[in-house]
Amino acid sequence: MTEFAGTTWTLLLRNLREGGRSPVIAFIFPVLFPLFVITLVASSYERMAVIPGFPVTPYAAYMAPGMLLFTGMMGSGYSATALMLDAQTGFLDRLRLSPARPMAVLFSRVLFDAARVVPAVIVVLGVAMALGARVESGPLGMLAILLICSGWSVAYGGLFYIVALRTGNPQAPLAMAPLSVLLLFASPAAAPPLLLQDWLAGLVGWNPFTYVIEGVRALMTGPLDGSTQTALLRAAAVIVALTAISQLFVVPSFRKLVED
């Protein structure tokens, strides 16, 4: 276990250095679109918050939870692509000749997914708070928000690993980029269900992203329905379930890749 942890840590540092050589994709890109939305859209649609029944004011405070989580969805294909490039360049083959366990490669990539989103969330949260967002649960709530955003990044990123490993194509995860936008607009990130058309409001309840958003919202401005504890349990359940399901496909596919 100590050897596995040491190898994972070494590979995580390698991944961070690798990300530092491509900072736009690894670290900057996850910030750009959420910042664009939270500044431009929140300002343009600020008067939406005066609609009777609108749950949170100002509008930036309503949008903030979705934008914080969206940082983890932007650039999710980066690690999956890098993993396939490791396979194509022979890095995984060289690793088999060393005492290191190949699974440490996969685990270090997952940890990188969790770590890379933290600075992006901090930046977007700072801008959102300058526009009127708030974290009513205090410093512990902020820490919990970072953990949820990191967990969601890992859970959502698992889908990209599945595509990359099943196709063997480093470019394949890039084709999944529109999925994040579909999940975003089929959720209560930009507007509550009461303002959506019936068919779209129905999709909101089936969208797992909805429950993660409401978990973060409960920490920021309070739950819209039920208790904070219930909202957090639902968010945690979605993250754990999606992570577990995706890894059921990722781990066997990665083992096959390494053994072939």
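**Assignments and their criteria**

Mentor: Being three residues apart in helix α6, D113 and R116 are separated by about one helical turn. Helices here (H or I, at least four residues) are DSSP runs, numbered from the N terminus, as are strands (E, at least two). The model is predicted, so local features need pLDDT of at least 70 and side-chain atom pairs count only at pLDDT 80 or more, while totals for chains, interfaces and linings use all residues. Residues are numbered from 1 along each chain as its sequence is written, and side-chain values use heavy atoms, with hydrogens and water left out.

Trainee: Why is the contact of D113 with R116 called a salt bridge?

Mentor: The term requires a side-chain nitrogen of Lys or Arg within 4 Å of a carboxyl oxygen of Asp or Glu. The closest N and O atoms of D113 and R116 are 3.9 Å apart, so the pair meets that criterion. D113 and R116 are both buried.

Trainee: What makes R109 and E18 a salt bridge, and what does the pair tie together?

Mentor: R109 belongs to helix α6 (residues 103-130) and E18 to helix α1 (residues 2-21), so the pair ties together parts that are 91 residues apart in sequence. A network of salt bridges links R109 and E18 with R14 and D86. In the whole structure, the search finds six salt bridges.

Trainee: How do you know whether R109 and E18 are buried or exposed?

Mentor: Buried means under 20% relative accessible area, exposed over 50%, and partly exposed in between (1.4 Å probe, protein chains only). R109 has 1% relative accessibility and therefore counts as buried. E18, at 17%, also counts as buried.

Trainee: What makes the residues V24, I25, I28, F29 and L32 a nonpolar patch?

Mentor: A patch takes residues with over 30% relative accessible area and no salt bridge; nonpolar side chains (Val, Leu, Ile, Met, Phe, Trp, Tyr) are joined within 5 Å, and like charges within 9 Å. F29, found in helix α2, has 37% relative accessibility and counts as partly exposed, so F29 passes the 30% limit. Together the five residues have about 440 Å² of accessible area, by the Shrake-Rupley method with a 1.4 Å probe.

Trainee: What qualifies as a pocket, and which residues are closest to the centre of the largest pocket?

Mentor: On a 1 Å grid over the protein atoms alone, a pocket is an open set of points with protein on both sides within 12 Å along at least five of seven lines, and lining residues have an atom within 4 Å of a point. About 310 Å³ of space lies in the largest pocket. Of its 16 lining residues, F29, G75, G77, L174 and A177 are the closest to the centre. Helix α4 gives the largest share of the lining, three residues.

Notes:
On a 1 Å grid over the protein atoms alone, a cavity is a set of points where a 1.4 Å probe fits but cannot get out, and a pocket is an open set with protein on both sides within 12 Å along at least five of seven lines; lining residues have an atom within 4 Å of a point. Grid points are joined across faces, edges and corners, and a volume is the space filled by probe spheres set on the points.
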